[in-house]
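Look over the sequence and the fold before reading on.

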Amino acid sequence: MSLRRPLSLFASLLVLGGCGTETLEEGAALGQSKAALHTGIDLAVAELGVSCDGDVLTVTGAIRNAAPTGIDPSVAGIYAGNPAEGGTLLDTIDVPWLVGQERYPFSKVVTVPEGTQQLYVVADNFGFYPEDDETNNTAMVTLSPGGGCLVNQPPVALCKNVTVSANASCSAAASIDDGSYDPDGFPQPLSITSSPAGQYPVGTTPVTLTVSDGMDSATCSATVTVVDQTAPVAGASKNLVLARTLGADYKTVTLADCAQPAADTCGGTLDLQQSASIIRVESDESEDALFSLALFKCQDIKLSADRKSAQLRAESSLLGNGRVYTMVYSVADASGNATLGTCKVKVPSPLGVLSVGLGPNYCQGEGCPAGTGNGLLCPLL
């Protein structure tokens, strides 16, 4: 006697009568009638696993009645390869009558063809029952081609956030891989790729890491932070010349008047009026240097409150070879990396000579060298 008995009474009523709610239209295909019916029937494959000895597999698992009502005997199939793509039927499983929610455990020994990479088990293999959910009828395990039997263990992706310094092109190469690995080394050597890949710009970039063993893959995510740690390069002095005036008048000199713009690896050309500030201004002549036979001037240097400019007297000593003011300034990029720069402002001697500077004698600002304060006479006035 065949185990292919008719549906249980409840299921038969559902299939044949549709409970008075649905009918099969004339000429409708079988698949269409299954989709239209609500039968209360649902078989599923669960707990699929394999163990092996060479190319001989022991397939274990369970066929489960996922519906609340009983269902008559059915047949499940074991396939080498996807049955929907021409997989080979290796054996069948005779499933007895199951009450609602009952599971039928099975164990079958099969021999797999060489090169088999996937093993499928399909409940209701021949599509005898019109089920409410056909998607849970199939389960699959992946096999490694090395022995045709070993279950491939998927690789493990491990990521970490990294911080690196920018290079001369204002970018950096980095890896978020934190020791990703393949537990079994099958079926191919582990490959690791990052998206986006290559050089990362200054700032924080989200990166996704993908690892693959040629069969399975895994992903993880982290960030690459590239930090600009290179200070800008100060520009050269413009060697500004102030014409000596009869009244030793003040002339306002800005940083942009005094020095060329700074160059930064990541910021490009830096505007000194925005990115720099004066630390101090030195003079190679004393504050009370004799300006003429009749007078001398005091407060030769006045720094602006924002340290972007200074008022400098257009004077030089009557007995000297010309005055040299030296501005010492700091210029910083957007990342806060700073460097010191200097530039010179010259006032000719009464004979028109331009001095190269003999060292500081008078200074205003921060970090002035010792002995460069006020002159002997100015504090008495």
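The points below cover the nonpolar cores and the disulfides.

This is a predicted model, where local features need pLDDT of at least 70 and side-chain atom pairs count only at pLDDT 80 or more, while totals for chains, interfaces and linings use all residues. Residues are numbered from 1 along each chain as its sequence is written, and side-chain values use heavy atoms, with hydrogens and water left out.

**Nonpolar cores**

- A nonpolar core is a set of buried Ala, Val, Leu, Ile, Met, Phe, Trp, Tyr and Cys residues joined through side-chain atoms within 4.5 Å.
- Buried means under 20% relative accessible area, exposed means over 50%, and partly exposed lies in between (1.4 Å probe, protein chains only).
- The largest nonpolar core has 23 residues. Val59, Ile63, Leu119 and Val121 have the most contacts inside it.
- Seven strands each supply at least two residues of this core: β1 (43-53), β2 (56-65), β3 (74-80), β4 (88-95), β5 (103-111), β6 (118-122) and β7 (138-142).
- Helices (H or I, at least four residues) and strands (E, at least two) are DSSP runs, numbered from the N terminus.
- Leaving aside residues up to four places away in sequence, Val121 touches several residues, including Val45, Leu48, Val59, Ile63 and Phe106. Contact means heavy atoms within 4.5 Å.
- Another core, of 22 residues, lies apart from the largest one. Among its members are Leu272, Tyr329, Val331 and Val345.

**Disulfides**

- The structure holds four disulfides. A disulfide is a pair of cysteine sulfur atoms within 2.5 Å.

*Cys159 and Cys220*

- The sulfur atoms of Cys159 and Cys220 are 1.9 Å apart. This link is right-handed, with 75 degrees about the S-S bond.
- Cys159 lies in the loop between β7 and β8 (162-165) and Cys220 in strand β13 (residues 217-227), so the pair ties together parts 61 residues apart in sequence.
- Cys159 is partly exposed at 21% relative accessible area, whereas Cys220 is buried at 14%.

*Cys258 and Cys343*

- Cys258 and Cys343 are joined with an S to S distance of 1.9 Å. Their link is right-handed, with 120 degrees about the S-S bond.
- Cys258 sits in helix α3 (residues 255-258) and Cys343 in strand β22 (residues 338-347), 85 residues apart.
- Cys258 is buried at 0% relative accessibility. Cys343 is buried at 1%.

*Cys363 and Cys368*

- Cys363 is joined to Cys368, S to S 2.0 Å. The link is left-handed, with -70 degrees about the S-S bond.
- Cys363 is buried at 4% relative accessible area, and Cys368 is partly exposed at 28%.
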